[in-house]
Amino acid sequence: MSFTGNYSCNTLRSGLINGSIDFSTDTFFLALYTNAATLDQNTTQYTSAGEASGGTYSPGGLQVNATVGTQATPSGSIVFVDFSSPSWTGQITARGALIYKAGANGAICVLDFGNDKTSNIAFTVQMPANNSTSALIRLG
């Protein structure tokens, strides 16, 4: 199977409700994947199946820091979460990524890069601006 889009994982939604995911205290990682990976909204946790390799990339990816913010709006407020932009060196090809909390049922979101991305020097996953209109995760 191949990447079919960007997804917030079902485990994110249930984790926010039952308290098993806390963006203020939990540790998160971003792992890179090839188009051979099967990742979608039903992904529940990190898997090594279809994971990218090469350069300084190691299985499991890199830790990313979560930043939580809030912005008042006329109808209430928007809470948003963004992550730091991880970077590796050397030749790496990836089609997408998974942000996850270590442990069972920790999948947060699947990122589809749209096509294979290859770097020979530095491979960086650039996160969007951390604000109420651009952050990776927004709840309002």
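Colleague: What should I know before I start?

Modeller: The model is predicted, so local features need pLDDT of at least 70, side-chain atom pairs count only at pLDDT 80 or more, and totals for chains, interfaces and linings use all residues. Residues are numbered from 1 along each chain as its sequence is written, and side-chain values use heavy atoms, with hydrogens and water left out.

Colleague: How many salt bridges are there?

Modeller: Start with the general idea. Side chains of opposite charge can pair when their charged atoms come close. A salt bridge here is a side-chain nitrogen of Lys or Arg within 4 Å of a carboxyl oxygen of Asp or Glu. That rule gives 2 salt bridges.

Colleague: Which residue forms a salt bridge with lysine 101?

Modeller: Aspartate 26 does, with the closest N and O atoms 3.3 Å apart. Aspartate 26 lies in the loop between helix 1 (10–18) and strand 2 (28–33), and lysine 101 lies in strand 7, so the pair ties together parts that are 75 residues apart in sequence. Helices (H or I, at least four residues) and strands (E, at least two) are DSSP runs, numbered from the N terminus. Strand 7 covers residues 92–101.

Colleague: What else does lysine 101 touch?

Modeller: Contact means heavy atoms within 4.5 Å. Not counting residues up to four places away in sequence, the contacts of lysine 101 include Ser20, Phe28 and Ile108.

Colleague: How many residues of strand 7 are buried?

Modeller: The count is 9 of the 10 residues, so strand 7 is largely enclosed by the rest of the structure.

Colleague: Which strands pair with strand 7?

Modeller: Two strands pair if DSSP finds at least two bridges between them. Strand 2 and strand 7 run antiparallel, joined by 6 bridges. There, alanine 31 has leucine 98 of strand 7 as its bridge partner. Strand 8 also pairs with strand 7 in the antiparallel sense, over 8 bridges. Glycine 96 has aspartate 112 of strand 8 as its bridge partner.

Colleague: How do I read phi in the turn between strand 7 and strand 8?

Modeller: Most residues other than glycine have a negative phi. The hairpin of strand 7 and strand 8 has 5 residues between the strands, and glycine 103 takes a positive phi near 105° there. Asparagine 105 is not a glycine, yet its phi is positive, about 55°. Asparagine 105 lies in the loop between strand 7 and strand 8. It counts as partly exposed, at 45% relative accessibility.

Colleague: What is the order of the open sheet of 3 strands?

Modeller: The order is 4-5-10, with antiparallel pairing. Strand 4 (66–73) and strand 10 (137–139) stand at the edges, each with a single partner strand, so one side of each is left without a neighbour in the sheet. Neighbouring strands of this sheet are turned by 15° against each other on average, direction ignored. For that angle, axes are lines fitted to C-alpha atoms, for helices over the stretch in contact, and angles run from 0 to 180 degrees between N-to-C directions.

Colleague: How many bridges join strand 4 to strand 5?

Modeller: There are 8, and the two strands run antiparallel. Strand 5 covers residues 76–83. Glutamine 71 stands opposite isoleucine 78 in strand 5. Alanine 66 has phenylalanine 83 of strand 5 as its bridge partner. The two strands form a hairpin with 2 residues between them.

Colleague: Which residues in helix 1 are buried?

Modeller: Thr11, Leu12 and Gly15 are buried. Seen down the axis of helix 1, its buried residues fall within an arc of 100°, so they line one face of the helix. The arc is that of the directions from the helix axis to the C-beta atoms. The cover over these buried residues includes strand 1 (7–8), strand 8 and strand 10. Glycine 19 follows helix 1, with a positive phi near 85°.

Definitions and conventions: Buried means under 20% relative accessible area, exposed over 50%, partly exposed in between (1.4 Å probe, protein chains only).
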